[in-house]
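Reader: I have a sequence and a model of its fold on my screen. Could you take me through the pocket, a few buried residues and the aromatic rings?

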Amino acid sequence: MTPDTCKKFWAGEKIEIASKHEEILLCLCDCDEKSLTKGGSKGEEYIVDGENLITLKTYLINYLNLLEVIFTAWNTNVGDRQMIEAEFGRNVVTDNGEYPLDNIINQTTFFPSIKAYVSHKKNENTEKGKKKLS
């Protein structure tokens, strides 16, 4: 989702999702194709609002809350940082260095531990080649 779409999402306004994401959208909204309105600015997006937006928001918030708990353990050194990075890091930073959650988490004040992990990874990537001081 674009930053603008994410702002609308957090504000509870209707959003547009590209039709190429139809399968996952139908699954997350727990509905069939007839329950979604097609249209949008390009005419090929699904408009998600009302009950479907609430359902989508519930799934996304539950997922982000779970990640926030995990990365809080990373951030506060309660859990094994290497294990958390190895097991859960790809949910936040892909193997090719993309940050798929950036737009959604940067449009809210929530999820500080996910943001801390992303910031750590971005700083780590800019400092490649430098050795840590011991």
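This is a predicted model: local features need pLDDT of at least 70, side-chain atom pairs count only at pLDDT 80 or more; totals for chains, interfaces and linings use all residues.

**Pocket, core and rings**

Reader: How much space lies in the largest pocket, and which residues are closest to its centre?
Author: The space in the largest pocket comes to about 870 Å³. A total of 26 residues line the largest pocket. Those closest to its centre are Met 1, Thr 2, Ile 17, His 21 and Ile 24.

Reader: Which element gives the largest share of that lining?
Author: Elements that give two or more residues to the lining are helix H1 (3-11), strand S1 (15-18), helix H2 (22-28), helix H3 (50-75) and helix H5 (102-105). The largest share is four residues, and it comes from H3.

Reader: Is Asn 52 buried or exposed?
Author: Asn 52 sits in helix H3. Beyond its neighbours within four places in sequence, Asn 52 is in contact with Cys 29, Cys 31, Ser 35 and Leu 36. Its relative accessibility is 13%, and the cut-off for buried is under 20%, so Asn 52 counts as buried.

Reader: Which backbone oxygen does the side chain of Asn 52 reach?
Author: Ser 35 is among the residues in contact with Asn 52. The side chain of Asn 52 comes to 3.1 Å from a backbone oxygen, and that oxygen belongs to Ser 35.

Reader: What is the relative accessible area of Val 48?
Author: Val 48 lies in strand S3 (residues 45-48). Leaving aside neighbours within four places in sequence, its contacts are Lys 14, Ile 15, Ile 17, Leu 25, Cys 29, Leu 53 and Leu 56. Val 48 is buried, and its relative accessible area is 0%.

Reader: How far apart are the C-alpha atoms of Val 48 and Cys 29?
Author: Val 48 and Cys 29 are in contact. They are 19 residues apart along the chain, and their C-alpha atoms are separated by 8.9 Å.

Reader: How are the rings of Phe 9 and Trp 10 arranged, stacked or edge-to-face?
Author: The model has five aromatic pairs. In the pair of Phe 9 and Trp 10, the ring centres are 5.2 Å apart. Their planes stand at 75°, and over 60 degrees is the cut-off, so the pair is edge-to-face.

Terms used:
Residues are numbered from 1 along each chain as its sequence is written. Side-chain values use heavy atoms; hydrogens and water are left out. On a 1 Å grid over the protein atoms alone, a cavity is a set of points where a 1.4 Å probe fits but cannot get out, and a pocket is an open set with protein on both sides within 12 Å along at least five of seven lines; lining residues have an atom within 4 Å of a point. Grid points are joined across faces, edges and corners, and a volume is the space filled by probe spheres set on the points. Buried means under 20% relative accessible area, exposed over 50%, partly exposed in between (1.4 Å probe, protein chains only). A polar contact is a pair of N or O atoms within 3.5 Å; within protein, one must be able to donate a hydrogen and the other to accept it, and residues adjacent in sequence count only if both atoms are side-chain atoms. Contact means heavy atoms within 4.5 Å. Rings of Phe, Tyr and Trp (its six-membered ring) pair if their centres lie within 6.5 Å; planes under 30 degrees apart count as stacked, over 60 as edge-to-face and the rest as tilted.
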